[in-house]
Amino acid sequence: MSLPTVAIVGFPNVGKSTLVNRLVGGREAVTSPEPGVTRDRKRLATEWNGIAFELVDTGGIDLDDEAELARDVQAQARLGIAEADAIVLVVDGRAGLRAGDADLAKTLRGSEVPVIVVVNKADRPNDYSVTAEFHGLGLGDPIAVSATHGLGTGDLLDAITAALGDREPQAGEDDSVRVAVIGRPNVGKSSLVNAFLGADRVIVSDIAGTTRDAIDTELEVDGRRTILVDTAGLRRRSKVAGTVDYYAQLRSERAVDRADVAIVVCDASEGITSEDLRVAEMAMKAGCACLLAMNKWDVGETDIDDARARIERKSRLRPAVITCSAKSGRNVGNLLPRALQLADRAAERIPTPELNRFVGDVVARTPPPSKRGKRLRLYYAAQVGTSPARIAIQVNDRKLISRDWAYHLENRMRETYELEGVPLIIDFVPASGRRRYSD
């Protein structure tokens, strides 16, 4: 569903992300007293009085800041403004009217869409008088709000929906596939996302940790609607505790929870590291199918056969390993179609008769080992869930299950039904049965 968009813009550290969180009713955008936390454009859906729209949180715009990263942030904010159906200019009521506010307002006065001035940090009723000086921006009557306490936000939402007018969302069947691009910091996730899109949708920098939010972007892959999610680099939580990167980490983990497929990006010059495997394991535990993308293949090569053998030894998920280069474009076009194939496999259901024949064949070829003179008996199998695939097998006694044999059954199932990289859960359920595969 394509919703009308409202860009939230302003000078750094005026409370844009805090306001966005207040308007959507959650803590979706990363906030911190530290200026410059928001860098990319983040889109969040909300509604007011039955009217649905998207808020686009943008990074702070300081036209006097000549730093390369600041320029990249401003470019992303300008793209958000260009795509918007309405614009909310946020200013700081405590700091008063600043030159940066006036410069930005001058740019927005030429906009073809409505612009609403919001004076934030009006935390008490008698603070509403601070709006007076902001009339000088020439963008109409300012609205005083407190993003922290929620004061005035109802009036702001009324103004936003009035500015959007009769714009209605374009309805469509939501059969989209969510693909999260995850991995350690500085392995090239954002570069890969931009290569998928053929445009600089997210900021790329040599500075590790540039991306701090999970950024959703819609695109079409082989005629299918796909939502691509760029995420912040994943570290161990203990290493980022107490910093703004901790909250970025939580949003990356939440993005994986909501994704159908994860592309785990690795640095080809370093090979498959234990941290890469930990990230893939996290995706598997979240029920997310995944594949590994060895990025920067043009810079440094590793032994691909050795990397695949390491995956088979260390990961039960056994994801496919694909080499690529976001910089040169090598193999980039193959990644998203492979991701969609994984999503389809995770959503497939194995017919019960076929599944029972398969289990029977595995038992006949490699019977479960006996334990204390008793042997595990398997009676009946059925698939009880998809995405992730979940198989329930009735057995005579769960205590007789050998871990090695259970892994053997899982591996044969992955090979037979092409489930490499797809989470697979096999539940052995105690039951008295009639039919069995072993005597």
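A salt bridge is a side-chain nitrogen of Lys or Arg within 4 Å of a carboxyl oxygen of Asp or Glu. The structure, which is a predicted model, holds 12 salt bridges. One of them joins the side chains of K121 and D92, with an N to O distance of 3.0 Å. K121 lies in the loop between β5 and β6 and D92 in strand β4, so this pair ties together parts that are 29 residues apart in sequence. Side chains of opposite charge can pair when their charged atoms come close.

**Sheet**

An open sheet is formed by 6 strands, with mixed pairing and the order β2-β3-β1-β4-β5-β6. Its edge strands, β2 (42–48) and β6 (143–144), each pair on one side only. Helix α1 (residues 16–24) packs on this sheet and touches β1 (5–10), β2, β3 (51–57), β4 and β5. The direction of α1 makes about 160° with that of β3. Within the sheet, strand β4 (residues 86–92) pairs with strand β5 (residues 115–120) in the parallel sense, over 6 bridges. In this pairing I87 stands opposite V115 in β5.

**Helix α1 and helix α4**

Two packed helices are described by the angle between their axes and the distance between the axes. For α1 and helix α4 (residues 153–164), the axes come within 11 Å and cross at roughly 85°. Angles of 65 to 115 degrees count as roughly perpendicular, and α1 and α4 are therefore roughly perpendicular to each other. On the α1 side the contact is made by L19, R22 and L23, and on the α4 side by T153, L156, L157 and I160. By class, this contact has 5 nonpolar, 1 polar and 1 charged residues.

**Confidence**

The average pLDDT of the protein is 79, and 80% of the residues score at least 70. Among the elements, helix α6 has the lowest mean pLDDT and helix α11 the highest.

| Helix | Residues | Mean pLDDT |
|---|---|---|
| α6 | 237–240 | 52 |
| α11 | 352–365 | 94 |

Over residues 30–37 the pLDDT stays under 50, and the model has 23 contacts for this stretch beyond four places in sequence. Residues 202–212 also have a pLDDT below 50, with 44 contacts in the model beyond near neighbours in sequence. Where pLDDT is low, the predicted coordinates should not be read in detail.

How values were computed:
Residues numbered from 1 in each chain as written. Heavy atoms only, no water. Pairing = 2+ DSSP bridges. Helix = DSSP H or I, 4+ residues; strand = E, 2+ residues; numbered from the N terminus. Contact = heavy atoms within 4.5 Å. Axes fitted to C-alpha atoms, helices over the stretch in contact; angles between N-to-C directions. Parallel < 35°, antiparallel > 145°, perpendicular 65-115°, else oblique. Nonpolar A, V, L, I, M, F, W, Y, C, P; charged D, E, K, R; others polar. pLDDT = per-residue confidence, 0-100.
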